[in-house]
Amino acid sequence: SAPEFSAIDYAAYYIAGGRTEANLVEAGRIAASVDTCDDLYGLAKGHPEEVRNPTPAAPADLPRDVALELAKLDRGEISANLTRPAADGSEALMVLMLCGRTATGTEDASREEISAQLRNQRVEAYARGYLAQLVSDARIVER
């Protein structure tokens, strides 16, 4: 089953001017130069608060377009598909980075439960690898 999340931590960095070719190039440069949200925070350091926006939030509290965009991202990935109104009335390109997700139920989990979950993930990874090897070694003959 798909995991449910109680909190989603993301960072948003705004580039004034909206979705222009120059801003998309700048967003690509940012994506190439940062690996973590801390890197993005360092890049935004010294800019006004409205330019950088670190936000942990419950999934239900996220705007729909932001929630859909974050659902497409893995931790540390960046999207530059959204725009937002800037303080001066113009548009700003939103550079969105997923920092992490907190799964429902893991806040109160014991060490044993987490250990068992990690062990199960490892066994599942071994099983997938073994199955992939069997598929690659298989010889299929059509008649």
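Author: Let us take leucine 134 to begin with. This is a predicted model, and in it leucine 134 has a relative accessible area of 41%.

Reader: Is leucine 134 buried, exposed or partly exposed, then, and why?

Author: Leucine 134 counts as partly exposed because its 41% lies between the limits of 20% and 50%.

Reader: Where is leucine 134 placed?

Author: Leucine 134 is in helix α4, which covers residues 111-137.

Reader: And which residues make the nonpolar surface patch?

Author: Tyr130, Leu131, Leu134 and Val135 make the patch, with an area of about 420 Å².

Reader: Turning to helix α3, which of its residues are buried?

Author: In α3, residues 64-71, the buried ones are Val66, Glu69 and Leu70. These residues are on the same side of α3, because they cover an arc of only 100 degrees around the axis.

Reader: What about the other side of α3?

Author: Arg64 and Ala71 are exposed there.

Reader: What covers the buried residues of α3?

Author: The cover includes three strands: β1 (5-16), β3 (78-85) and β4 (91-103).

Reader: A change of topic: how many disulfides does the structure hold?

Author: It holds one. Cysteine 37 and cysteine 99 form this disulfide, with their sulfur atoms 1.8 Å apart. The pair joins distant parts of the chain, 62 residues apart: cysteine 37 belongs to helix α2 (residues 37-44) and cysteine 99 to strand β4.

Reader: Is the link of cysteine 37 and cysteine 99 left-handed or right-handed?

Author: The link is left-handed, with -105 degrees about the S-S bond.

Reader: Are cysteine 37 and cysteine 99 buried or exposed?

Author: Both cysteine 37 and cysteine 99 are buried.

Note on methods:
Residues are numbered from 1 along each chain as its sequence is written. This is a predicted model: local features need pLDDT of at least 70, side-chain atom pairs count only at pLDDT 80 or more; totals for chains, interfaces and linings use all residues. Side-chain values use heavy atoms; hydrogens and water are left out. Buried means under 20% relative accessible area, exposed over 50%, partly exposed in between (1.4 Å probe, protein chains only). Helices (H or I, at least four residues) and strands (E, at least two) are DSSP runs, numbered from the N terminus. The arc is that of the directions from the helix axis to the C-beta atoms. Contact means heavy atoms within 4.5 Å. Patches are made of residues with over 30% relative accessible area and no salt bridge: like charges are joined within 9 Å, nonpolar side chains (Val, Leu, Ile, Met, Phe, Trp, Tyr) within 5 Å. Accessible areas come from the Shrake-Rupley method with a 1.4 Å probe; for residues, only the protein chains shown count as cover. A salt bridge is a side-chain nitrogen of Lys or Arg within 4 Å of a carboxyl oxygen of Asp or Glu. A disulfide is a pair of cysteine sulfur atoms within 2.5 Å.
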